[in-house]
Amino acid sequence: MAAASSTLTVFFPTKTTITRPHSHLQPLTIKASSNSTNPPLPGRKLRAAVIGGGPAGSSAAEALASGGIETFLFERNSPTTAKPCGGAIPLCMLEEFDIPSHLIDRHVTRMRIFSPSNLSVDFGKTLRPNEFIAMLRREALDSFLRSRAESFGAKLVSGLVTNLELPESSTSPYVVHYTSDNSRHSLPVDVVVGADGANSRVARSIHAGTYACAIAFQERIKLPDHKMEYYNDLAEMYVGNDVSPDFYAWVFPKCDHVAVGTGTVCAKQNIKLYQKGIRERVKHKISGGKVIKVEAHPIPEHPRPIRIRGRVALVGDAAGYVTKCSGEGIYFAAKSGRMCGEAIVKASEGGDRMVNEDDLKREYLRVWDSKYVTTFRFLDLLQRVFYGSNAAREALVELCDDEYVQRMTFESYLYKKLADGDRLQDVKMVWNTIGSLIKCNMVGSK
């Protein structure tokens, strides 16, 4: 614990409102609570360690630092590395997180989905002129978000966290042990945000429990210019046992290449076989291309049994916030990081008081679950219904040709809220779903 006396304490002026300079980011208002039983921190601010510098960690660090908390953001990877990721983000994230337009590689306005029998449906007929799916590279997004967190006062620590030492009492510090520049270091902190991915060391340190993980495998392929033009504003999804037994494969356009990949949870040992399957499906479209990067990474399948213990909170992949069916994780990672950071700021009254487990559960976890748990359960149900067999996948693609289905899907995805539906159309959609499943199962049985 000697490290505590050698670390630097940074003092921030006391504020009740912190206004971020970015035009679309909302002011963070801290309401003092005279009923708080948490002890004050005289002469210093609450100190937080955020482990992991992806969208979840960087968003948490930004919220913490802008709220007056002494914040350390740990990132072990270089700025050019990132996990394999389709890189699609919803339209609402661009404004909500003030993502600059120069980070967007492609404005996708056409999404084409292919059934096991290679029947295709254009999934984007209901998009308005100003609507699109933003495609970007994770290394570019992650680097930008880390830099922005630094600009708000977070201190970026380039190093590998090796262990989290738990405190002996409710007010004694956690100690983050890490290696940097081939030497060992330690940092005592009051609160920890674990944003270190599916294989989270932070989660293991607090015995947060295990969860099932899928594996995502992706190749970045640089295509000849005339073939890249085909994917200028087009993304493709493929379903079928040949590309994944329980998920989908994709071809997503980037700045100067396409990302071709797939994922599975139930047959991870065969991931290269499924990657071969998607390459076979698109061989004429990618022939002449050159593989410039190969990536693989675990993806959580459901939230962890424990996401908060003591003064440690998990966010992003570490918490298990990746949706079934779509596999979306970037928005929910950034959102959970920001919500967690703001919850700590609120509970600590701008960093002036200690926080505890009840604070984190009340201000972060319960708010998160009330907002998103229904969405996660619904997408889990859709995956169970439509990804279990080729017959069900044929039914899925058939349903995607319906314009009402497309409108409801895109509005919910782009704006992260349930779209306002029409009751008559909803009933019709249910009957069409049942009819498609029956018909395709009959076709499949033959």
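Helices are DSSP runs of H or I with at least four residues, numbered from the N terminus. In this predicted model, helix 13 covers residues 403–415 and holds both Arg-407 and Glu-411, which stand four residues apart, about one turn of the helix.

## Overall make-up

The secondary structure of the protein chain comprises 14 helices and 21 strands. The chain has 446 residues, and 54% of them are buried.

## Nonpolar cores

The largest nonpolar core contains 108 residues, of which Phe-74, Val-176, Ile-344 and Tyr-364 touch the most other members. Helix 10 (residues 330–347) makes the greatest contribution to this core, giving 11 residues. Another core lies apart from it and has 15 residues, including Met-228, Tyr-231, Val-260 and Val-282.

Leaving aside residues up to four places away in sequence, Phe-74 touches Ala-49, Val-50, Ile-51, Gly-52 and Gly-53, together with Val-157, Val-161, Val-176, Tyr-178 and Leu-187.

## Salt bridges

The structure holds 31 salt bridges. Three of them are set out below.

| Pair | Distance, N to O |
|---|---|
| Asp-142 and Arg-138 | 3.0 Å |
| Lys-293 and Glu-295 | 3.8 Å |
| Arg-407 and Glu-411 | 3.4 Å |

Asp-142 and Arg-138 are separated by about one helical turn, because they stand four residues apart in helix 4 (residues 138–151). Both partners are buried: Asp-142 has a relative accessible area of 4%, and Arg-138 has one of 9%.

Arg-407 is partly exposed, with a relative accessible area of 28%, whereas Glu-411 counts as buried at 17% relative accessibility. The cut-off for buried is under 20% relative accessible area, so the 17% of Glu-411 places this residue in the buried class. Arg-407 and Glu-411 also belong to a network of salt bridges that links them with Arg-128 and Glu-131.

In the remaining pair of the table, Lys-293 counts as partly exposed at 28% relative accessibility, while Glu-295 counts as buried at 5%.

## The setting of Arg-220

Glu-295 has a further partner. Its side chain makes a polar contact with the side chain of Arg-220, at 3.0 Å. Arg-220 lies in strand 15, which spans residues 213–222. With a relative accessibility of 7%, Arg-220 counts as buried.

Beyond residues up to four places away in sequence, Arg-220 touches Arg-137, Glu-139, His-257 and Val-258, as well as Lys-290, Val-291, Ile-292, Lys-293 and Glu-295. Both members of the salt bridge between Lys-293 and Glu-295 are therefore among the residues that Arg-220 touches, and of these two Glu-295 is counted as buried.

Phe-378, Leu-381 and Val-385 make a nonpolar surface patch of about 270 Å². Phe-378 is found in helix 11, which runs over residues 357–386. The relative accessible area of Phe-378 is 48%, and the residue is partly exposed. The exposed class requires over 50%, so Phe-378 at 48% remains in the partly exposed class.

Key:
Residues numbered from 1 in each chain as written. Predicted model: local features only at pLDDT ≥ 70, side-chain atom pairs only at ≥ 80, totals over all residues. Heavy atoms only, no water. Core = buried A, V, L, I, M, F, W, Y, C linked by side-chain atoms within 4.5 Å. Buried < 20%, exposed > 50% of the residue type's maximum accessible area, 1.4 Å probe, protein only. Helix = DSSP H or I, 4+ residues; strand = E, 2+ residues; numbered from the N terminus. Contact = heavy atoms within 4.5 Å. Polar contact = N/O pair within 3.5 Å; in protein donor to acceptor, adjacent residues only side chain to side chain. Patch = residues over 30% accessible without salt bridge, like charges linked within 9 Å, V, L, I, M, F, W, Y side chains within 5 Å. Areas by Shrake-Rupley, 256 points an atom, 1.4 Å probe, with all protein chains shown as cover. Salt bridge = Lys/Arg side-chain N within 4 Å of Asp/Glu carboxyl O.
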